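Please read these notes with the model open beside you.

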Amino acid sequence: MSLQWTAVATFLYAEVFAVLLLCIPFISPKRWQKIFKSRLVELVVTYGNTFFVVLIVILVLLVIDAVREIRKYDDVTEKVNLQNNPGAVEHFHMKLFRAQRNLYIAGFSLLLSL
């Protein structure tokens with residue numbers, strides 16, 4: 001997995017962790033209020049809008065790139081005669097699998113960030 005997809009997957013895991021943390025029922029509302037009124041959270045909120053817009057743009061570009069890769073490798077076996085080289089068919093299926101995996105990672109990350 002390349003560096004950009006590793007970063008997106010790490011961001012997805014962090015989002016899942018944050019959502020699960022917010023769903024914990026035994027943390028009292030007073031504790032959440034103290035956490036959300038802290039100076040660190042206020043600092044994040046001041047710069048959060050810019051960060052959020054940049055993040056959404058990056059994730060949308062990665063989703064578009066993944067869709068482009070899927071379309072590129074989707075009909076390769078029909079366009080090119082690969083009967084003489086069976087290893088090439090497996091290679092294109094591997095590339096298609098990676099493109100689909102990248103689409104799922106970027107799509108779920110974009111969904112959770114919204």
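1. Start with the angle classes. Angles under 35 degrees count as roughly parallel, over 145 as roughly antiparallel, 65 to 115 as roughly perpendicular and the rest as oblique. Axes are lines fitted to C-alpha atoms, for helices over the stretch in contact, and the angles run from 0 to 180 degrees between N-to-C directions. Helices are DSSP runs (H or I, at least four residues), as strands are (E, at least two), and both are numbered from the N terminus.

2. Know the source. This is a predicted model, in which local features need pLDDT of at least 70 and side-chain atom pairs count only at pLDDT 80 or more, while totals for chains, interfaces and linings use all residues. Residues are numbered from 1 along each chain as its sequence is written, and side-chain values use heavy atoms, leaving out hydrogens and water.

3. Helix 1 and helix 3. Their axes come within 12 Å and cross at roughly 120°. The two helices are therefore oblique to each other. Their crossing is left-handed (the near helix is turned anticlockwise from the far one by less than a right angle; clockwise would be right-handed). Contact means heavy atoms within 4.5 Å. On the helix 1 side, Gln4, Trp5, Val8 and Phe11 take part, and they meet Leu55, Leu59, Leu62, Asp65 and Ala66 in helix 3. This contact has seven nonpolar, one polar and one charged residues. Here Ala, Val, Leu, Ile, Met, Phe, Trp, Tyr, Cys and Pro count as nonpolar, Asp, Glu, Lys and Arg as charged, and the others, Gly among them, as polar.

4. Helix 1 and helix 5. Helix 1 spans residues 3-22 and helix 5 spans residues 86-113; their axes come within 9 Å and cross at roughly 40°. This pair is therefore oblique too. The crossing is left-handed. Among the residues that meet are Trp5, Phe11 and Glu15 in helix 1, and Asn102, Phe108 and Leu112 in helix 5. The contact divides into eleven nonpolar, three polar and one charged residues.

5. Helix 3 and helix 5. Which way do helix 3 and helix 5 run relative to each other? The axes of helix 3 (residues 39-74) and helix 5 cross at roughly 155° and come within 8 Å. The helices are therefore roughly antiparallel. Their crossing is left-handed. Their contact holds 17 nonpolar, five polar and three charged residues.

6. The record. An unreviewed UniProt entry lists residues 6-28 and 40-64 as "transmembrane region". Such annotations may be inferred rather than shown by experiment. In the model, residues 6-28 are 74% helix and 0% strand, with end C-alpha atoms 34 Å apart. Residues 40-64 are 100% helix, and their end C-alpha atoms are 34 Å apart.

7. Aromatic rings. Rings of Phe, Tyr and Trp (its six-membered ring) pair if their centres lie within 6.5 Å; planes under 30 degrees apart count as stacked, over 60 as edge-to-face and the rest as tilted. The count comes to two aromatic pairs. In one, tryptophan 32 and phenylalanine 36 have ring centres 5.7 Å apart and planes at 20°, so the pair is stacked. Both residues lie in helix 2 (residues 29-36), four residues apart, about one turn of the helix.
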